[in-house]
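Here are my notes on the model you sent. Please read them with the structure open.

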Amino acid sequence: MKSFFIKLITALIPNRNKRRLARVKMFRKYVENEPSIGEKIKTTLDWAVDVPKMPPAGGLARVVQMMQLEILIEIDRICRKHNLRYWLDYGTLLGAVRHKGFIPWDDDVDISMPYEDYLKFKEVVPQELGEDYIYTNPEGYVCRVFLKDFALVSDWDYCEVYRRNGWRDKSRVFLNVDIFPIHYLKETVSIEEISKAIVDGIDKKKELRVLQQDNIHDVYKSIASQIYETYEKPYISTEPASRMFMSLDCIMQPKPRIYVTEDIFPLREIEFEGHQFYAPGNSEMWLFTCFGEYWQPYVCPAHNDLKKLTREQMKKLIAWGREHGHL
């Protein structure tokens with residue numbers, strides 16, 4: 001709108017060069033420094049909305065959240081039984097600290113585990129997991145626990161989706177909990193070194209996009225092994241260290257996920273949707289590292305498009321929601 005009025009006003013200047021100069025000066029003064037619509041909305045929300053007091057999601061969005069909560073409860077049961085360490089992470093941790101539950105518009109659950117606990121979890125979960133759940137862990141991808149009725153067809157199904165459309169693909173609906181393995185980082189490795197390794201590893205991972213469909217599984221297993229040996233293993237400390245980093249299996253974007261160990265351990269319990277789960281000991285510091293001013297609105301992108309549910313899945317979703325009093 002401002003650009004239109006600037007053009008309208010300066011059209012009265014007869015000299016072409018002077019008219020152009022006047023437009024440039026006015027544009028720089030009144031348009032270039034103007035906040036975007038998104039920035040204006042965020043600023044308004046920051047001042048006008050008491051984020052922790054926002055009501056929870058409703059309708060089918062709430063049903064999806066509660067179904068994922070059931071998966072998290074099952075994982076917590078297994079971890080407590082086998083003395084395995086884990087903690088709520090990223091948007092799930094943000095929701096726990098700020099809302100005592102899900103962020104109202106979030107639709108997935110993230111937890112992290114030290115690598116040694118992650119390996120033990122993969123050993124015990126096939127035998128321990130209840131009959132309503134499915135566990136998958138294709139090589140080179142993060143471990144996931146799904147609800148059986150909203151799961152992958154096979155371990156490689158998610159890999160196939162990523163190859164075609166990228167990690168934000170919404171052509172499928174997966175109701176699951178992501179489990180991220182976390183390594184200790186060697187004390188001698190600088191942030192610059194590990195950052196470069198992660199960027200290079202992600203570039204290598206993107207080669208998956210150009211692979212032919214008929215050999216994707218075998219070739220990607222080779223790529224996953226090469227990524228680990230070249231871009232991850234050289235930086236792993238076998239002893240506890242002051243910093244940790246997320247495995248490349250979990251990362252789809254060239255951004256290192258570096259943890260300060262003292263922000264995570266010792267773990268503490270935190271309330272999430274009326275249940276107690278483990279969280280970083282200094283959750284607030286870790287959230288500030290992740291999100292900055294985490295008490296302000298943080299709009300995380302949706303992971304699922306419920307319109308992609310099959311008719312049978314939608315029937316099961318609605319039935320579950322009614323049975324558990326969420327619809």
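This is a predicted model: local features need pLDDT of at least 70, side-chain atom pairs count only at pLDDT 80 or more; totals for chains, interfaces and linings use all residues.

1. Overall make-up. The protein chain holds 12 helices and 10 strands. Of its 327 residues, 46% count as buried. Take the contacts in the chain with a separation of 6 or more: residues 24 or more positions apart account for 69% of them.

2. The largest nonpolar core. This core has 56 residues. Ile179 is one of the residues that touch the most other members, along with Ile75, Leu88, Ile111, Phe121 and Tyr259. Helix α4 (residues 59–81) gives the most to this core, with 10 residues. As background, nonpolar side chains tend to be buried together in soluble globular proteins.

3. Helix α4 against helix α12. The axes of α4 and α12 (residues 311–323) come within 10 Å. They cross at roughly 80 degrees. The two helices are therefore roughly perpendicular. On the α4 side, the contact residues are Leu60, Val63, Val64, Met66, Met67 and Glu70. On the α12 side, they are Met314, Leu317, Ile318, Trp320 and Gly321. By class, this contact has 9 nonpolar, 1 polar and 1 charged residues.

4. Helix α5. Is α5 enclosed or open? Of the 10 residues of α5 (residues 90–99), 9 are buried, so the helix is largely enclosed by the rest of the structure. The buried residues are Tyr90, Gly91, Thr92, Leu93, Leu94, Gly95, Ala96, Arg98 and His99. Note that Arg98 and His99 are on that list. Just after α5, Lys100 takes a positive phi of about 60 degrees.

5. Strand β9 (residues 268–272) pairs with strand β10 (residues 275–279) in the antiparallel sense. The pairing runs over 5 bridges. Glu269 has Tyr278, in β10, as its bridge partner. There are 2 residues between the strands. In this hairpin, Glu273 takes a positive phi near 55 degrees.

Note on methods
Residues are numbered from 1 along each chain as its sequence is written. Side-chain values use heavy atoms; hydrogens and water are left out. Buried means under 20% relative accessible area, exposed over 50%, partly exposed in between (1.4 Å probe, protein chains only). Helices (H or I, at least four residues) and strands (E, at least two) are DSSP runs, numbered from the N terminus. Two strands pair if DSSP finds at least two bridges between them. A nonpolar core is a set of buried Ala, Val, Leu, Ile, Met, Phe, Trp, Tyr and Cys residues joined through side-chain atoms within 4.5 Å. Axes are lines fitted to C-alpha atoms, for helices over the stretch in contact, and angles run from 0 to 180 degrees between N-to-C directions. Angles under 35 degrees count as roughly parallel, over 145 as roughly antiparallel, 65 to 115 as roughly perpendicular and the rest as oblique. Contact means heavy atoms within 4.5 Å. Ala, Val, Leu, Ile, Met, Phe, Trp, Tyr, Cys and Pro count as nonpolar, Asp, Glu, Lys and Arg as charged, and the others, Gly among them, as polar.
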